[in-house]
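Hi,

Here is the structure I promised to pass on. Have a look at it first, then read my notes below.

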Amino acid sequence: MFKNEEMEINLGPQHPSTHGVLRVKLRLDGETVTKCTPVIGYLHRGVEKICENKTYFQGQVWTDRLDYVAAISNNLGWAEGVEKLFGIEVPRRAKYIRTLLTEQNRLASHLLWLATHALDIGAMTVFLYAFREREYLLDLFEAFCGARLTTTAFRIGGLREDLPPGFIKDAQVFQDRFLHCLYEYEELLTENRIWKKRTVGVAKLNAEDCIALGVTGPVLRAAGVPYDIRKAFPNAAYAEMDFEIPTRTEADTYARYLVRLAEMRQSHRIIQQCLDGLPEGPVMAKIPKILRSEVNEIYHPIEAPKGELGYYFVSEKGGTMPYRMHVRAPSFVNLQALPKMIEGRLLADVIAAIGTLDVVLGEIDR
Amino acid sequence: MAEPLEPQAPEAPEAPAGPYVYDYLAAPNRQVVLPKTVPLPSLRTYQAEVAAAAAADEAKWQKQLADFEVAKAKAEAEGKDAPKPPVRAVPRKDDNDMKTPWPTEAKAADLLKLQELLGDKVEEIFEQAGERVCQVKKEAILEALKVCRDEASLKYEMLADQSATHYPAAKDFAFSIVYHLTSVSRHQRLRLRVLVPEGFLPDSACSLYPSANWMEREIYDMLGIRFANHPDMTRILCPEDWEGYPLRKEYPTVGLGQRDIDFRDDRGGVLNRLAMVKAGQMGINLKQPKAE
């Protein structure tokens, strides 16, 4: 006789394809997932509490450690949030350089996503190709601020230094060859039969569910909602940039892959516009050495590679440290959608679903 | 020729006082300094502060004028030169690129509409730093969220963020809970705020916005606010048996949950066993009792 009972297994927390220390409790009926419960918190460091005891200048260092593959986006959110809190106006050149670096970081983040997502599903070659380009970008970050991953790239009020000599030339070298690199990835994956079998129609999440669950970023845009904070609430120099919001309507893993590749093309366009139209001028606003706040509270959202990244600050009168700091991490909110995406689907699709959500546990657990 | 100096024995360094393990209980950041003010942004409070400051400034100026009159009369009576008339102090000029965002009157149509729909359930509406804030009564939060989501002219479909702040210095409340709503179709943002005392169970927003599920669990985990009618009110980031709520102001940054491990302790007896093995290889029997 066959046994007919459900089995409960743990996926993670030590599992290479969960991209960190994510544990997913799965209840299986044969190979079908009947219930899925993500368990998080293995990487909790209490960044919000720590930042309440650091000054506005010191706190930015901690944002590198949230989403460690897109540290510059985190830095941008922190710096702009604090500037909004104090009403600091940043010089135009600094805004352009911020936009330039953030977009390069978006490319680096999407390249890492492409590499690991393809590796999870079984395509090894893309990993090597994508990391080749990512290394070049990380070298550029190292030239700018001395660090590859934990960048702390910006300062409150602008930038510490202007671009180093030769940066624009090196960035242009990357610009000239990157479109061909994208073509290489697409040639390996887009029409690949195995890739399409593993991704088309897998882990669907329609637009209503996305909005109800607060899911943002490429996952929302792959469901056909053209919502991008760079267009909806422009920050940095995005209001002056000419770019489009790529959307798809299929709302599956394959559509998200296409949306992210199209987004990389748009990032490439924005970087080119920044390099061509870089204005002259200072890169740092005039601000006091010690920032003393008034009573205020702000929520500043930016479009990080994973979705809406928001910083919520509450400041007290005369304080040099935030009274309360809260990070709205895109991965944290997006991961809530995982049960909705995979319940009733096969076990192998769980790996594809975790990959397509592009979660980073550093910012989920904070 | 001078005699060579005799080498002097170096003074023995003093043994450090206290235990080898860092004493977390005595660490300076183990001591918690509770905040004395309530930094709750509010137009009403701001206006009251501005009025009080203006009144104080005016009173000071009137006193200066009166003093001057007295001094002038005194100088005239004594036949001396008249004293210098006082100069009213102007605020110091700031040449930084900073413009502090103060709270202003609500002008946005969304806020006015919300006040019209909710009536006296709205406690305060204002704008600050380009952000719209609507503070509602704590019992009416679910109704306010429902209006924001379903009203055709508001249509805030997404609950982007939910968070809370601890105010230990406040008298009639302990926490503020904020809801950051986003209208994906209209590209608008709104912040709803409620003030809740300790022990009050605010209604969970999960029935209207499913994204509130994990955010409310995080608030419970970090600040200890329980939500009524929440499907799964458990800790999310900390372990289930964690004591205390880390983001409350009375919680120290160092100390709680910290494990003091002295690695010199051979707690499992591992070092002892390794020493036995090593000694055995060298032909020494450590177990052999010494002859008396």
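Let's start with a helix, so here is how helices get their names: helices (H or I, at least four residues) and strands (E, at least two) are DSSP runs, numbered from the N terminus. The expected span of a helix is 1.5 Å times one less than its number of residues.

Two housekeeping points. This is a predicted model, so local features need pLDDT of at least 70 and side-chain atom pairs count only at pLDDT 80 or more, while totals for chains, interfaces and linings use all residues. Residues are numbered from 1 along each chain as its sequence is written, and chains are lettered from A and ligands numbered from 1 in the order in which they are written.

Now chain B. Helix 1 of chain B (residues 43-78) has 36 residues and reaches 52 Å from its first C-alpha to its last, close to the 52 Å expected at 1.5 Å a residue. How many of its residues are buried? The count is zero, so to speak a helix that is hardly covered. For that count, a residue is buried if 20 or more other C-beta atoms, placed from the backbone, lie within 10 Å of its own, exposed if 12 or fewer, and partly exposed in between. Just after helix 1 of chain B comes B:Gly79, with a positive phi of about 75°.

Chain B also has an open sheet of six strands in the order 1-2-3-6-5-4, with mixed pairing. (Two strands pair if DSSP finds at least two bridges between them.) At the edges are strand 1 (104-105) and strand 4 of chain B, each pairing on one side only. Strand 2 (residues 122-128) and strand 3 (residues 131-136) of chain B are antiparallel partners over six bridges, and B:Phe126 stands opposite B:Val133 in strand 3 of chain B.

Where do the chains meet? 36 residues of chain B are in contact with 46 residues of chain A, contact being C-beta atoms, placed from the backbone, within 7 Å. Strand 4 (158-166) and helix 4 (212-223) of chain B each supply at least two residues of the side that touches chain A. The largest share of that side, six residues, comes from strand 4 of chain B.

Finally, chain A has 15 helices and six strands. Of its 366 residues, 55% count as buried. Its C-alpha trace spans about 80 × 45 × 35 Å along the principal axes.

Cheers

Terms used. Two residues are in contact if their C-beta atoms, placed from the backbone, lie within 7 Å.
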